[in-house]
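I opened my notebook to look up a protein, starting with the whole and ending with one residue. Come and read along.

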Amino acid sequence: GQHLITAIAEQMFGFKTTSWELGRQRSLIELDTPSVTAEQVEALERSVNEKIRDRVPVTVRELEADDPEIETVRSRGLPDDHVGPVRIVDIEGIDSNMCCGTHVSNLSDLQVIKLLGTEKGKKNKTNLVFLAGNRVLKSIEQSHSTEKALTSLLKNGPGEHVEAVRRLQSSVKLLQKNNLNLLRDIAVLIARDFKSKPAPRQLFVLHRKEGDSEFMNIIANEIGTEETLLFLTVGDEKEAGLFLLAGPVEAVENLGPRVAELLGGKGAGKRGRFQGKASKMSRRGEVQALLEEFISHRSPEV
């Protein structure tokens, strides 16, 4: 399949193959051109499949290394340590190529070739992605299974799948926006409720599964951290999440790294705020105990 695509790509468009890769699911041919148009891919696919339908014979012959005919054969050249005859694979009327691999005896054995498109390759080169033979059939089978699953989930026909997904994406974006606005409102209300208490507390601790860094920072902004030490967390209660320690600058500089260490995470801070990611949210109680002990021992000046 690669021999056929390579030969036809060079004949039709002058695109030379510089390397190729046989992958587990798909294969790549690196073409020495900065770009390949969709129209060229379509024309190339049509041409190679015409050759397959024409049942072009494929033969193997051996030449001596000094045979002048070798100069007419497409190759990268022989290895310096090569000894013995040179194996040539001929696709009748299309290509002659040095190769030591196994080959079909007729192009019809390939069944079909599907070009999946192109990807940006190395500098000024393009990777052409292709499937051949049973890989095409397996790909169709997989695509059909995916199509059936989407039909069941989306409750419409295959031709409407893309539009249905677009509508879902639009709905999700709207829900995310509304959710963010609600979280902001909740953060403000939490802060106002704390500030409305008759006797201000020196420590404020809060965990909320649904939330983000902005949620925590809104609470810190609304409460004010000149007098109060805040320990806020969001995420799964027993696994990973985010944390924010905010308060008097000296206290946060002293406690921030220790809080991160207890939570099995990393963080950074400045101007009275230390925040980061945590992998052990289940240790929030230990952090609260550390902060309470700190507050009970700190001097009035701090």
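My entries on this structure follow.

I noted that this is a predicted model, where local features need pLDDT of at least 70, side-chain atom pairs count only at pLDDT 80 or more, and totals for chains, interfaces and linings use all residues. Residues are numbered from 1 along each chain as its sequence is written, and side-chain values use heavy atoms, with hydrogens and water left out.

**Whole protein.** I found seven helices and 12 strands; these are DSSP runs numbered from the N terminus, helices being H or I of at least four residues and strands E of at least two. The radius of gyration is 33 Å, well over the 19 Å that the globule rule gives for 302 residues, so the protein is more spread out than a compact globule. Here the radius is taken over C-alpha atoms, and the rule is 2.2 Å times the number of residues to the power 0.38. Those C-alpha atoms fill a box of roughly 100 × 55 × 30 Å along the principal axes.

**Burial.** I read that 36% of the 302 residues count as buried. Buried means under 20% relative accessible area, exposed over 50%, and partly exposed in between, with a 1.4 Å probe and protein chains only.

**One residue.** Where is S105? I located S105 in the loop between strand 5 (95-98) and strand 6 (113-120). S105 counts as exposed because its relative accessibility is 52%. Leaving aside neighbours within four places in sequence, S105 is in contact (heavy atoms within 4.5 Å) with P57 and V58. I also saw that S105 and V60 are 45 residues apart in sequence, yet 8.7 Å apart in space, C-alpha to C-alpha.
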